[in-house]
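These notes are meant for a colleague who is opening this structure for the first time. Please read them with the model in view, point by point.

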Amino acid sequence: MSIKPLRWGIISTGGIATKYAQDLLVDPSTREVSDVKHVITAVGSRSVDSANKFIDALKAAKADEGWGWGVKNGGLDNVKGYGSYEEVYADPNVDIVYIGTPHTFHHRNAKDALLAGKHVCCEKPFTLSLEELDELIALAKEKNLFLMEAVWTRFHPIAYKVQEVLKSGKLGKPKRFSADFSSDFKPDQQPDSHRMIDPKLGGGSLLDMGPYPSVWAMLMVHHHPLNKDKTPKVVSSYQSIYKRSGVDASSRWIVEWDGLCLGNLMTDMTTSGFADNTALLQCDKGDLVVENPPYKPSTFHIVPHPQLSDGDLTKRETIHAPVHQGNNGMAYEADECARCIARGEIESKRMPWDESRVVQGWFDTVRNEGGTVLKGKKGTVGQ
Ligand SMILES: NC(=O)C1=CN([C@@H]2O[C@H](COP(=O)(O)OP(=O)(O)OC[C@H]3O[C@@H](n4cnc5c(N)ncnc54)[C@H](OP(=O)(O)O)[C@@H]3O)[C@@H](O)[C@H]2O)C=CC1
Ligand SMILES: O=C1OC[C@@H](O)[C@H](O)[C@H]1O
C-alpha cells in the first residue's frame, strides 16, 4: 500500500527547527516505522536568505548523516523557501506547520496557521498563558484541524518503558515524586537578546525548562494507574530572579495529586542538574529513577525497598531504552502527527490537550505567584 506523505511547512530556521527538519528526512525504517512518510515542502523565515540557507544545509547532508536518506528519496524535491511565515501558511502544498519560534510567538504563529487551514505541531511551551492555549484549542475544534504541543520526550522509547513498569504495579503505591531540569546557560555571557534572557521572548528557566520536569510528572504520576486526580494543582511555588532582565533564574513548584502524592519540580538556568537522577518516583515497594538529561534520557533504574516489599521486589534493575540511532529524537512526535492526521483525528491521545492544559496551568500559577517581569502576562490572546 502506498503511503501519502505528510507535507510539512517549517517556520523559523533556528536551532530546534533545524533538528526537527533533519528528523523528518530520516528513513522511518531505522526507527522500525513503516506506516508514515514525511516530506518538507516549505520553509519560512523572517529572511528568505535564511530560509534558503536552511534548505541548502539540509540538502548538503553527508553520507553518514541520517537525514541524507530523505534528501535522496524526494523529501525536499518540492521545497520552497519563503521570507515570511505567512507564505508558508498560504502554500497549498503544506498540510501541517511546525512552529519552532521563541515561546512568546507560538500563539500568534499557531493561530495564523490554523486560520489559514493548516494542521499545527508547536514547540514547547505550547503558549505563554493558558488563555492563549484555550483559544488555540477552540480554533482547532472549530476548523477541525490537528493541533499538538511538540513534547518530544513523551514519544521516546524510554517513556513507554517507564510507564510499562509503573503500570505493572510492581513498585506499589506512589509516595512522593521529584523532577528537575537544570543546566548552566551561562546567562551572564549571553547577549540581552538571548531567548533565555529576553522577557520579550519568554526568557527564564520556567517556560523553557519547565516542560521537562513536567513531562516526567505527567508520565510517572499523572498517568499512574492509581492516580484519580486529573486536575493536579500547584500548592506552593517560588522563583528566584535573574536581575539583569527580571526573568526567573530558577523556579520551584510543588504539585499535589489529590489522594496520591506530592511532586517537587524544579528548573535552574545557572547550574547543572544531578547526572544520575532527573526524575524520581518513590513508591512503597521501590523507586524508579530516570537519569539525566530529562529531555532525552536513555536509562532508568528500578531500586527495590526489600524491607518494605514483602520479598516480592528484590532485584535492582537498570533499563536502557535510547532513541534509535540516526535521529535527534523528534521523529517520533512527527510520526504521531502523521498518524493522527491520516486517521482524521485532531488531537493526539499520547499528547492530549487536557494534559498540555494542566502543565500550562502550573506555569501560569508559578509565574503569577512569582516576582518576575512575566508575572501576570497573558500574551497575545484575543489578538
Ligand atoms: N523540543 C526541544 O528539544 C527544544 C525546543 N525548543 C523550543 O523551540 C523554540 C525555539 O528555540 P530555539 O530553536 O532554541 O531558538 P533559536 O533562537 O535557535 O531559534 C528561534 C528562531 O525563531 C525565529 N524568530 C522569530 N522571531 C524571533 C525573534 N523576535 N527573536 C529571535 N528569533 C525569532 C528565528 O528564525 P527566523 O529568523 O528564520 O524567522 C529564530 O532562528 C522555543 O520555544 C524552545 O522552547 C528549543 C530547544 C529544544
Ligand atoms: O527544549 C529544550 O531541550 C533541550 C534544552 O537544552 C533546551 O534549552 C530546551 O529548550
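1. How close do the axes of helix 9 and helix 11 come, and at what angle do they cross? In this predicted model, the axes of helix 9 (residues 211-222) and helix 11 (residues 353-369) come within 11 Å, and the crossing is at roughly 130°. An angle over 145 degrees would count as roughly antiparallel and one from 65 to 115 as roughly perpendicular, and helix 9 and helix 11 are therefore oblique to each other. The crossing of helix 9 and helix 11 is right-handed.

2. The crossing of helix 6 and helix 11 is right-handed. From helix 6, the residues L130, L133 and I137 meet W353, S356, R357, Q360, G361 and D364 of helix 11, and the residues of this contact of helix 6 with helix 11 divide into four nonpolar, three polar and two charged.

3. Turning to the sheets, one is an open sheet of six strands in the order 3-2-1-4-5-6, with parallel pairing. Its edge strands, each of which pairs on one side only, are strand 3 (80-82) and strand 6 (147-150), and the twist averages 25° from one strand to the next. Within this sheet, strand 1 (residues 6-11) and strand 2 (residues 38-44) run parallel and are joined by six bridges; R7, for instance, has V39 in strand 2 as its bridge partner.

4. Which strands does helix 5 lie across? Helix 5 (residues 106-115) lies across strand 1, strand 4 (96-99), strand 5 (119-123) and strand 6, and runs at about 170° to strand 5. Helix 2 (residues 48-59), for its part, lies across strand 2 and strand 3, with a direction at about 150° to strand 3.

5. There is also an open sheet of eight strands, whose order is 8-9-10-7-11-12-13-14 and whose pairing is mixed. Here the edge strands, pairing on one side only, are strand 8 (233-242) and strand 14 (317-320), and the twist averages 10° from one strand to the next. Strand 9 (residues 247-257) and strand 10 (residues 261-268) run antiparallel and are joined by eight bridges, with I254 standing opposite N264 in strand 10.

6. Further along this order, strand 12 and strand 13 pair in the antiparallel sense over five bridges, where G286 has P304 in strand 13 as its bridge partner. Strand 13 is in turn joined to strand 14 by four bridges, again with the two strands running antiparallel, and the bridge partner of F300 in strand 14 is I319.

7. Helices lie across this sheet as well: helix 7 (residues 157-168) lies across strand 12 (286-290), strand 13 (299-304) and strand 14, running at about 175° to strand 12.

8. How many residues surround ligand 1? The shell holds 23 residues, and the closest are T13, G14, G15, I16 and S45. Helix 1 (residues 15-24) gives the most to this shell, with three residues. By class, the residues around ligand 1 divide into eight nonpolar, ten polar and five charged.

9. Finally, a few backbone details deserve a careful look. The peptide bond from K124 to P125 is cis, with omega near -10°, and P125 lies in the loop between strand 5 and helix 6. The peptide bond from N292 to P293 is cis too, with omega near -5°, and P293 is found in the loop between strand 12 and strand 13. S12, in the loop between strand 1 and helix 1, has a phi near 90°, which is a positive value in a residue other than glycine.

Technical notes: Residues are numbered from 1 along each chain as its sequence is written. Chains are lettered from A and ligands numbered from 1 in the order in which they are written. This is a predicted model: local features need pLDDT of at least 70, side-chain atom pairs count only at pLDDT 80 or more; totals for chains, interfaces and linings use all residues. Two strands pair if DSSP finds at least two bridges between them. Axes are lines fitted to C-alpha atoms, for helices over the stretch in contact, and angles run from 0 to 180 degrees between N-to-C directions. Two residues are in contact if their C-beta atoms, placed from the backbone, lie within 7 Å. Angles under 35 degrees count as roughly parallel, over 145 as roughly antiparallel, 65 to 115 as roughly perpendicular and the rest as oblique. A crossing is left-handed if the near helix is turned anticlockwise from the far one by less than a right angle, and right-handed if clockwise. Ala, Val, Leu, Ile, Met, Phe, Trp, Tyr, Cys and Pro count as nonpolar, Asp, Glu, Lys and Arg as charged, and the others, Gly among them, as polar. A residue is near a molecule or strand if its C-beta atom, placed from the backbone, lies within 6 Å of it.
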